[in-house]
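Hello! I am handing over a structure for you to look at. Please open it beside this email and follow along.

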Amino acid sequence: MLVDTVRHLNETVKDNFIMKTTVINSTDFLLTFSFYRNKQLLVSLNHNHPFIGLVKKREDVITLNGNLNEQLKQHVRNTYVDEISVLNSDRIVQIKLSFSNDFNVKGHYFLIIELIPHHPNLLILREDNTIIFATHYTDLTADRLILRNIKYVLPKKNENNSFKEKEIDIETYLDDILVKKNLSQYSSLIKYLEKEIKKCSRKEEVLTKEIKDNQNYDIYKEEGDYILTYAYDKEELKNYLKENNIDYDDNLSASDNANKKYKLYRKKKATIAHDKEEINKNKERLKQLNEDYEIVKSLDVYKINEMQPRYPKFIKKSKIVINPKYPFYTFINGVKYAFGRNAMQNDYLTFKLANENHYFFHIKDYSGSHVILMKDKPSEEEINIASQIAIYVSKKDIGEVTYAKVSTIKKGHKAGEVILSSYSSCVIKNIDEEIKAAVRKASRLI
């Protein structure tokens with residue numbers, strides 16, 4: 001499989017300049033090319049299953065500063081891809097890079113990617129094969145030395161290697177790590193919200209138990225009434241107290257004993273009233289916390305910015321410039337639906353953001369919004385929901401909607417124009433109010 005990947009890379013990105021290097025995290029980075037612009041090369045030094053592969057180009061991914069970023073910028077960015085090969089018939093990829101310095105002196109670097117499970121590594125070599133940089137160095141006692149300014153030596157091939165290539169959906173993998181990267185900036189807020197949600201849940205349990213323990217508070221009023229009623233019939237009172245196992249202080253008068261019961265009655269009654277009020281307040285807070293938690297998880301920066309007054313310690317208020325090309329999205333029954341409101345957003349959504357396994361929807365025979373059902377193998381219900389959205393965002397009440405897999409559609413000459421080679425259709429005669437509400441509350445997809 002690696003040989004096939006390298007063959008494909010030679011057919012596509014060879015003879016390209018590397019225009020940009022983007023470090024996502026400590027194990028994953030992207031290379032962006034000059035001519036092959038719709039794709040990027042994802043290099044993953046994942047400990048268990050390292051891999052490389054082309055992915056759909058992601059916009060606006062911020063690089064992680066650090067030594068790896070500096071080395072890639074200095075030695076890989078703005079170089080020319082001469083050749084990509086597999087070394088030693090092993091899981092080692094070599095990318096030969098050429099460059100010209102300020103004095104027009106040409107030279108070469110070698111980018112070595114060791115995709116060895118449990119021991120992945122990335123090295124940058126000079127053209128004489130001396131090591132400039134490695135993500136993992138060895139100490140002087142190692143059998144195979146990886147140190148700066150020494151010659152690179154291939155690792156000994158494991159002939160009995162039982163490693164089985166794992167099928168990885170690299171588009172999904174990249175989406176997941178980008179979400180984790182974006183969420184990392186809100187890690188403190190997420191931890192705080194999770195802690196507060198747990199506290200609220202425990203608080204409700206405690207208050208509910210306290211209400212249950214005090215729910216028979218009327219008995220204290222009855223006991224007080226009985227003590228006063230039989231205050232002058234000591235024998236009857238004594239029998240009553242004994243039969244019902246009721247505390248009675250013989251050092252106090254019957255009236256004082258009764259008042260103690262009334263006081264306990266009022267206290268427990270007030271406790272229940274207070275606890276019920278606290279439970280209502282707690283439910284409102286828990287609802288707000290859960291809503292805020294979902295907003296943070298959705299990475300809707302606009303809504304997160306609106307949360308700043310509630311969490312000034314965790315969110316810094318910043319002016320957000322809305323990029324007009326960013327479309328909208330909403331979740332219905334856990335499924336993500338995205339749509340554009342103009343040609344620019346439609347074009348960006350369908351041809352930049354949508355996965356080839358997603359589904360495209362558009363009102364038939366009218367100009368309207370693109371809708372992308374962000375799921376492969378959708379159900380009939382999900383197709384119907386996406387069709388209703390396509391009608392509603394196109395400002396119609398009824399109509400026919402055409403839909404097709406994104407991989408089967410082509411870009412037209414104008415922004416937002418789509419060419420369908422084959423499609424299915426769905427007739428919509430009514431739009432559910434819940435769907436309308438979900439569209440009205442949609443967030444910007446960035």
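The radius of gyration here is taken over C-alpha atoms, and the rule for a globule is 2.2 Å times the number of residues to the power 0.38. This is a predicted model, in which local features need pLDDT of at least 70 and side-chain atom pairs count only at pLDDT 80 or more, while totals for chains, interfaces and linings use all residues. Residues are numbered from 1 along each chain as its sequence is written, and side-chain values use heavy atoms, leaving out hydrogens and water.

Now for the overall form. The protein chain has a radius of gyration of 34 Å, whereas a compact globule of 446 residues would have one near 22 Å. Its C-alpha trace spans about 115 × 70 × 45 Å along the principal axes.

The protein chain holds 11 helices and 18 strands; these are DSSP runs numbered from the N terminus, with helices being H or I of at least four residues and strands being E of at least two.

How much of the protein chain is buried? Buried residues make up 43% of the 446, where buried means under 20% relative accessible area, exposed over 50% and partly exposed in between (1.4 Å probe, protein chains only).

Leu299 is buried, with a relative accessible area of 15%. From C-alpha to C-alpha, Leu299 lies 9.7 Å from Arg444, although the two are 145 residues apart in sequence.

Happy exploring!
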